Amino acid sequence: MTAIIHINKRKNGKNFAQASLQAADWIMRFGYSTKDILENHLFHPGQAQGLCRDLFARGWATEIDCHKEASRYIIVLTQAGYNAVRDEYDPSVEYPELDLQYCDFSRCQDLLLLQKATADNLRVGTIEQFWTPRMIRFQSGYPSPGAEWLMKNGDLISVDADTGCDFPWRHELCVNLAIRMGEENPRYERAALFATEYEIIQDY
């Protein structure tokens with residue numbers, strides 16, 4: 001497990017360089033992110049302005065156009081950005097997004113909502129650490145969650161998000177939740193589900 005994710009509160013000098021390293025680590029864990037999440041959720045709003053510009057200037061990240069009417073982009077790592085953080089992991093974490101050339105923004109929204117929730121709770125200290133599926137060696141066929149959170153009290157919880165953009169995925173997630181929490185000795189103490197509307201939660 002890497003120790004890179006440790007939120008600094010200033011962006012000057014070495015601290016800002018460390019913030020860029022933390023942002024690159026964040027992107028590698030989730031695959032992609034956005035300027036809003038990196039500058040306004042992972043760090044205190046107003047304390048990381050220019051962070052994405054620094055990532056681009058270092059050659060660590062680039063933008064992928066999501067081809068929406070409104071300007072929508074996601075941020076992914078370049079090979080240089082991946083190289084900057086991959087050695088913090090043993091075994092190393094794969095990063096298939098190096099080959100990503102197109103994104104369907106509607107399919108990205110669940111993961112982006114999950115990122116906002118994770119970043120907000122990490123920043124205020126509600127959670128101690130988190131892991132994404134690419135960081136965990138689950139048994140084949142295990143219905144992995146969108147993320148795992150290690151809470152302050154030591155509980156490990158599964159975390160998922162549903163923005164209502166993919167109904168087949170909702171059915172799959174319902175089944176996955178039932179399997180995960182219905183085990184005789186479940187891996188998780190609790191399950192958390194984030195949604196953009198209360199009606200979505202009612203569907204579960």
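Is Lys116 buried, partly exposed or exposed in this predicted model? Lys116 is partly exposed, with a relative accessible area of 32%. Here buried means under 20% relative accessible area, exposed means over 50%, and partly exposed lies in between (1.4 Å probe, protein chains only). The model is predicted, so local features need pLDDT of at least 70 and side-chain atom pairs count only at pLDDT 80 or more, while totals for chains, interfaces and linings use all residues. Residues are numbered from 1 along each chain as its sequence is written, and side-chain values use heavy atoms, with hydrogens and water left out.

Lys116 takes part in a salt bridge with Asp36 (3.9 Å, N to O). A salt bridge is a side-chain nitrogen of Lys or Arg within 4 Å of a carboxyl oxygen of Asp or Glu. Lys116 sits in helix H5 and Asp36 in helix H2 (residues 35-40), so the pair ties together parts 80 residues apart in sequence. Helices (H or I, at least four residues) and strands (E, at least two) are DSSP runs, numbered from the N terminus. Asp36 is also partly exposed, at 32% relative accessibility.

The structure holds eight salt bridges. Among them is the pair Glu97 and Arg134, with the closest N and O atoms 2.8 Å apart. Glu97 lies in the loop between H4 and H5, and Arg134 in the loop between E3 and E4, so parts 37 residues apart in sequence are tied together. Glu97 is buried at 12%. Arg134 is partly exposed at 23%. Another salt bridge joins Asp155 to Arg190 (3.8 Å, N to O). Asp155 is in the loop between E4 and E5, and Arg190 is in strand E6 (residues 190-195), 35 residues apart. Arg190 is partly exposed, at 40% relative accessibility.

The structure holds one disulfide, defined as a pair of cysteine sulfur atoms within 2.5 Å. The disulfide joins Cys66 to Cys103, S to S 2.0 Å. Cys66 lies in the loop between strands E1 (61-65) and E2 (73-77), and Cys103 in the loop between helices H4 (79-86) and H5 (105-124), so the pair ties together parts 37 residues apart in sequence. Cys66 is buried, with a relative accessible area of 2%. Cys103 is buried at 4%. The sulfur of Cys108 is 4.5 Å from its closest cysteine sulfur, in Cys103, too far for a bond. Cys108 is buried at 5%.

In the largest nonpolar core, of 55 residues, Trp26, Leu38 and Trp149 touch the most other members. Such a core is a set of buried Ala, Val, Leu, Ile, Met, Phe, Trp, Tyr and Cys residues joined through side-chain atoms within 4.5 Å. Helix H1 (residues 13-30) supplies the largest share of this core, nine residues. Beyond neighbours within four places in sequence, Leu38 is in contact with residues including Trp26, Phe43, Cys52 and Ile75. Contact means heavy atoms within 4.5 Å. Cys52 is buried at 3%.

Strand E4 (residues 147-151) has four of its five residues buried, so the rest of the structure largely encloses it. Four bridges join E4 to strand E3 (residues 127-131), and the two run antiparallel. Strands pair if DSSP finds at least two bridges between them. Phe130 stands opposite Trp149 in E4. E4 also pairs with strand E5 (residues 156-162), antiparallel, over four bridges. Ala147 stands opposite Val159 in E5. Four residues separate the strands in the E4 and E5 hairpin, where Gly154 takes a positive phi near 95°.
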